[in-house]
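Morning, everyone. Please have a look at it first.

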Amino acid sequence: MEGKGIFLVGLLLLSIADISTAQNCPKGSPKLFVFGDSYVDTGNWPKNVRGPWKEPFGKTFPGKPNGRASDGRVLTDHIASFLGIESPTPYQLRDTSKSIQQGLNFAYGGSGVFPTWAKDSLTVQIDQFEQLLKENVCSQCDLDSSVALVSTGINDYSFYSAAKKGSNDGLPAFTEGLVNQLAADLQRINRLGVKKVVVATLPVVGCLPLHIIPPNSYQKCDEESNKNAKIHNQALQKAVEKMNTDDGNKSTFVILDLYNAMVSAIDQFRQDAANTEHKNPLQPCCSKTVEHICSAEGLCSNPKSSFFFDLAHPSDNGWNAIYSFLQGSLNNDLTA
């Protein structure tokens, strides 16, 4: 009889635990975990260093600098909105006394798959995530309806080009190694418990103002850079297809085609320019920079009329346009 009583008490405790878990983790409440560079960083960049915590960043939204490399929102904000949640808290700004409500953002501006100019490579960011799991900051319950957003690689190529002084010698081997490491990182995120892993392709690199020679009035993209980006993206697509095949689930790893979405958005922006206040989409709002960081003295009068905010980053308006071309694929891929 005593043993039966202990058994019943055990069942009761398990039932209470199940109820508690259900209350703390409502079914369908998504968590977004973000990894990568400044296209998705929402506040991990140090506040005491020149960058997105200084004016004129954040001028359009929320009206002051808020750690985003834009005058407003970045890709993370749009993906979070699509999931019906607020943008997850940046890792460096997290409150350790509170549970993770929306997920966490580990992305760090300037970082890459490999170590580049920034300290927090993709590996370091995943290490931070794994450590939080070990500390039970995130439970399996948190991960059951989770999505990871990964956007990285562009800084790796910039770093490589700087080291090679612009030469493309050895670039195919570098691309292969980079994509292989990125694929391994994506698999690691999935093994840690994230159910859906979304990885962005490289953007249309040759159309970033950074790669366009100003004397041509920002009219023509650098097609060599675009070609290299396409090669990377094709290799990434193949790697993702193989991972899904090996995993036995065709929807675990998802490609977010940032390249073609940006091409379409730029084309639409250029067509609209004839009938709106939009200016040449390849001309950045901020033309004056210090170490590639926008200076308030070089800001255009109306950032909302620009597609690019500075030499490398879309404006709030630019990201809105890009997201409009991504939304269809998100409807298909994130609801599968």
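A term before we start: buried means under 20% relative accessible area, exposed means over 50%, and partly exposed is in between, with a 1.4 Å probe and protein chains only. Now the ground rules. This is a predicted model, where local features need pLDDT of at least 70, side-chain atom pairs count only at pLDDT 80 or more, and totals for chains, interfaces and linings use all residues. Residues are numbered from 1 along each chain as its sequence is written, and side-chain values use heavy atoms, with hydrogens and water left out.

Helix first. Helices are DSSP runs of H or I, at least four residues; strands are runs of E, at least two; both are numbered from the N terminus. Look at α8, residues 258–272. It has 15 residues and reaches 21 Å from first C-alpha to last. That is close to the expected 21 Å, taken as 1.5 Å times one less than the number of residues.

Which residues of α8 are buried? They are L258, Y259, A261, M262, A265, I266 and F269. Down the axis of α8, these buried residues fall within an arc of 165 degrees, so they line one face of the helix. The arc is that of the directions from the helix axis to the C-beta atoms. As a reminder, an α-helix has 3.6 residues a turn, so residues three or four places apart point the same way.

What do the buried residues of α8 pack against? The partners are β5 (196–200), α7 (223–247), β6 (253–256) and α9 (316–333). Contact here means heavy atoms within 4.5 Å.

On to salt bridges. The cut-off: a side-chain nitrogen of Lys or Arg within 4 Å of a carboxyl oxygen of Asp or Glu. The whole structure has 7.

Take D316 and R73, with N to O at 3.2 Å. D316 sits in helix α9, and R73 in the loop between β1 (31–36) and α2 (75–83), 243 residues apart. D316 is buried, at 7% relative accessible area. R73 is partly exposed, at 28%.

Next, R188. Its salt bridge with D127 has the closest N and O atoms 2.6 Å apart. R188 is in helix α6 (residues 171–191), D127 in helix α3 (residues 122–134), 61 residues apart. R188 is buried at 17%; D127 is partly exposed at 37%.

R188 also meets E130, at 2.7 Å, N to O. E130 is in helix α3 as well, 58 residues from R188. E130 is partly exposed, at 24%. Shared partners join D127, E130 and R188 into one network of salt bridges.
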